[in-house]
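Let's take a walk through a protein together, one stop after another. Keep the sequence and the 3D view open as you read.

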Amino acid sequence: MLKEEPAAASGSEAASERVAKHLRAQILSGAIGPGERIRQEDIAEQFGLSRLPVREALRMLETEGLTELQANKGARVPHLTMSEVDVIYRMRESLEPLALAESLPLLDAADIDRLESIQDRIEDNTDIQGFLDLDREFHLLSYSGCTVEPLSSYVVRLWNTTQHYRRAFVALSGPGRMWIVNAEHRLLLDAIARRDDVDAGSILRGHIRRTRIELTQHPDIFGPDK
């Protein structure tokens with residue numbers, strides 16, 4: 001099943017899990033932004049730990065697409081170029097409909113009800129971070145029936161990698177364009193409830209593609225070409 005975070009650890013792994021959980025939340029919320037360095041010594045001091053569990057936490061987050069480790073430079077949050085984001089969104093356009101198709105047969109009535117409830121909350125929401133949290137919950141729940149690895153974990157990695165750019169998209173679009181997101185979510189919900197993987201995949205693909213195209217109109221939010 002698709003999961004956002006690793007299972008809770010115990011013993012010697014508990015410290016690195018605790019650090020990873022903290023940093024994961026900071027990165028996904030935008031408190032630590034693209035290109036920002038994460039100083040191991042600062043994190044170790046903050047948690048009262050040696051650098052070893054901090055290094056392990058950063059390695060865990062690297063596998064999740066949230067950090068990158070550079071020789072002799074330490075860790076930072078990736079800052080992607082426009083070309084890289086475009087390719088990643090094209091990957092999402094291909095992989096997420098596949099994950100959804102695998103998930104649909106295993107979603108039950110309670111899952112559908114929860115998706116409906118999340119969408120109701122999205123429509124009542126008025127702030128960017130609230131939307132990002134709910135939107136993530138909505139889509140990852142819709143993929144939660146997918147048990148195929150590495151597809152399920154890779155979808156989460158792609159979501160992690162593009163979090164900053166979804167935030168930029170929502171900020172650029174403004175509340176006046178949220179009706180489009182809500183309409184697409186409602187169409188997607190209808191297809192999911194009917195277990196129609198063809199309609200659901202088509203709607204989802206267009207939903208992701210629209211964001212990708214909109215982002216290309218704003219090159220200033222991306223990192224420099226490498």
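In which helix is His 207 found? His 207 is found in α10, a helix of residues 197-215. Before we go further, note that this is a predicted model, in which local features need pLDDT of at least 70 and side-chain atom pairs count only at pLDDT 80 or more, while totals for chains, interfaces and linings use all residues. Residues are numbered from 1 along each chain as its sequence is written, and side-chain values use heavy atoms, with hydrogens and water left out. As for the helix names, helices (H or I, at least four residues) and strands (E, at least two) are DSSP runs, numbered from the N terminus.

Back to our histidine. His 207 counts as buried because its relative accessibility is 10%, and buried means under 20% relative accessible area, exposed over 50%, and partly exposed in between (1.4 Å probe, protein chains only). Setting aside neighbours within four places in sequence, His 207 is in contact with His 139, Val 181, Glu 184 and His 185, where contact means heavy atoms within 4.5 Å. Two of these partners also form polar contacts with it: the side chain of Glu 184 at 2.4 Å and the side chain of His 185 at 3.4 Å. A polar contact is a pair of N or O atoms within 3.5 Å; within protein, one must be able to donate a hydrogen and the other to accept it, and residues adjacent in sequence count only if both atoms are side-chain atoms.

Stay in helix α10 and look for Arg 212. Is Arg 212 buried or exposed? Arg 212 is buried, because its relative accessible area is 8%. The C-alpha atoms of Arg 212 and Tyr 89 are separated by 6.1 Å, although these residues are 123 places apart along the chain. Beyond its neighbours within four places in sequence, Arg 212 is in contact with Asp 86, Tyr 89, Arg 90 and Glu 93. With Glu 93 there is a polar contact between side chains, at 2.5 Å.

Now step to the loop between α9 and α10, the place of Arg 195. Arg 195 is partly exposed, as its relative accessible area is 36%. Its phi is near 55 degrees, a positive value in a residue other than glycine. Another point to look at is the peptide bond from Glu 149 to Pro 150, which is cis, with omega near 10 degrees. Pro 150 lies in the loop between α6 and α7. Most residues other than glycine have a negative phi, and most peptide bonds are trans. Returning to Arg 195, a polar atom of its side chain lies 2.3 Å from the backbone oxygen of Leu 107.

How do α4 and α7 sit together? Two packed helices are described by the angle between their axes and the distance between the axes. For α4 and α7, the angle is about 145 degrees and the axes are 10 Å apart. Among the residues that meet are Ile 88, Met 91 and Leu 95 in α4, and Tyr 154, Val 155 and Leu 158 in α7. The residues of this contact divide into 10 nonpolar, 1 polar and 2 charged.

Our last stop is the interior. In soluble globular proteins, nonpolar side chains tend to be buried together. Here the largest nonpolar core has 41 residues, and Leu 100, Tyr 143, Ile 192 and Leu 215 touch the most other members. A nonpolar core is a set of buried Ala, Val, Leu, Ile, Met, Phe, Trp, Tyr and Cys residues joined through side-chain atoms within 4.5 Å. Apart from this core lies another, of 18 residues, among them Val 19, Ile 43, Val 54 and Ala 75.

Methods:
Axes are lines fitted to C-alpha atoms, for helices over the stretch in contact, and angles run from 0 to 180 degrees between N-to-C directions. Ala, Val, Leu, Ile, Met, Phe, Trp, Tyr, Cys and Pro count as nonpolar, Asp, Glu, Lys and Arg as charged, and the others, Gly among them, as polar.
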